[in-house]
Amino acid sequence: MSGHSKWSTIKFKKALKDAKRGKIFTRLIREITVAARAGGGDPGSNSRLRLALDKAYGANMTKDTIERAVKRGTGELEGVDYEEVTYEGYGPGGVAILIETMTDNKVRTVAEIRHIFSKRGGNMGTAGSVAYQFKKLGLIVFPADADEDKILEAALEAGAEDVVNEGERIVVYTAATDLHSVVLALEAAGLKPEESELTMIPENTIEVSGEEAEKLLRLIDFLEENDDVQNVYANYEISEAEMARLEAAS
């Protein structure tokens with residue numbers, strides 16, 4: 001699975017960075033609400049909701065907050081009606097960028113996303129302009145000291161596509177439709193993942209460095225800081241040496 005290791009490590013680090021910004025609760029509440037609205041409030045029959053609840057509990061969100069979000073989704077409580085909209089574009093170096101949003105005002109959101117692209121050296125694209133370069137997969141994360149052989153055996157038996165040791169963690173990749181069943185199979189084998197989610201993995205990557213890398217990361221930071229943005233995916237790679245240089249300079 002070429003390119004997965006470096007990209008997913010960057011994505012993982014940026015997810016932690018995002019949590020420190022204090023936005024993770026807002027994004028999780030929106031995901032829970034939309035998931036409950038789309039598939040009902042029972043996580044036993046709504047795999048998307050179950051994933052959202054697992055992430056919420058993992059982030060130490062209170063039970064009351066979670067229950068209110070579910071009830072807003074099922075209509076038991078009044079709440080904002082969020083719509084899922086995906087935007088596409090290109091960043092410095094020709095890097096493809098996919099932005100998943102949840103918004104109550106598409107006119108406002110598209111204007112803000114377009115403004116960020118134009119101000120930060122990118123270009124807003126039309127629908128479908130970059131989406132074909134990404135594949136939706138399930139991603140299941142275990143700590144680096146987990147039993148890799150046991151994970152590999154259980155995951156492949158459950159129908160996973162691949163298991164990758166990334167050094168800092170062990171990652172199981174699944175088809176999007178198989179994520180829930182593979183998680184259940186791993187848990188039944190006594191293997192409790194740290195995290196599981198649906199993600200977009202680039203089919204091919206573009207290596208960036210120097211000023212292009214700096215501008216690209218700044219563009220992605222600004223996109224992620226937008227209140228309506230849930231996830232940002234991009235098909236770039238940055239070498240470990242270059243990433244160390246950028247982190248030292250920041």
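**Close-up views of a predicted model**

**View 1. Strands E4 and E7 side by side.** Strand E4 (residues 134-143) and strand E7 pair in the antiparallel sense over 8 bridges; two strands count as paired if DSSP finds at least two bridges between them. Strands here (E, at least two residues) and helices (H or I, at least four) are DSSP runs, numbered from the N terminus. Look for Leu-137, whose bridge partner in E7 is Thr-199. E7 (residues 195-202) is mostly covered, with 7 of its 8 residues buried. Buried means under 20% relative accessible area, exposed means over 50%, and partly exposed is in between (1.4 Å probe, protein chains only).

A quick note on what you're looking at: this is a predicted model, where local features need pLDDT of at least 70 and side-chain atom pairs count only at pLDDT 80 or more, while totals for chains, interfaces and linings use all residues. Residues are numbered from 1 along each chain as its sequence is written, and side-chain values use heavy atoms, leaving out hydrogens and water.

**View 2. An open sheet of 4 strands.** The order is E3-E1-E2-E9, with antiparallel pairing. Strand E3 (123-124) and E9 stand at the edges with a single partner strand each, so one side of each has no neighbour in the sheet. E1 and E2 pair over 8 bridges, and Tyr-90 stands opposite Ala-96 in E2. Helix H5 packs on the sheet, touching E1, E2, E3 and E9; contact means heavy atoms within 4.5 Å.

**View 3. The largest nonpolar core.** This core has 22 residues, and those with the most contacts inside it are Ile-97, Ile-99, Leu-223, Tyr-236 and Ile-238. Its largest share, 6 residues, comes from H8. A nonpolar core is a set of buried Ala, Val, Leu, Ile, Met, Phe, Trp, Tyr and Cys residues joined through side-chain atoms within 4.5 Å. Apart from this core lies another, of 15 residues, including Ile-151 and Leu-186.

**View 4. Gln-230 and its neighbours.** Gln-230 lies in strand E9 (residues 229-234) and counts as buried because its relative accessibility is 10%. A polar atom of its side chain lies 3.1 Å from the backbone oxygen of Arg-27. Not counting residues up to four places away in sequence, Gln-230 touches Arg-27, Arg-30, Glu-31, Glu-100, Thr-101 and Met-102.

**View 5. Arg-114 on helix H5.** Arg-114 lies in helix H5 and, at 46% relative accessibility, counts as partly exposed.

Technical notes: Polar contact = N/O pair within 3.5 Å; in protein donor to acceptor, adjacent residues only side chain to side chain. Axes fitted to C-alpha atoms, helices over the stretch in contact; angles between N-to-C directions.
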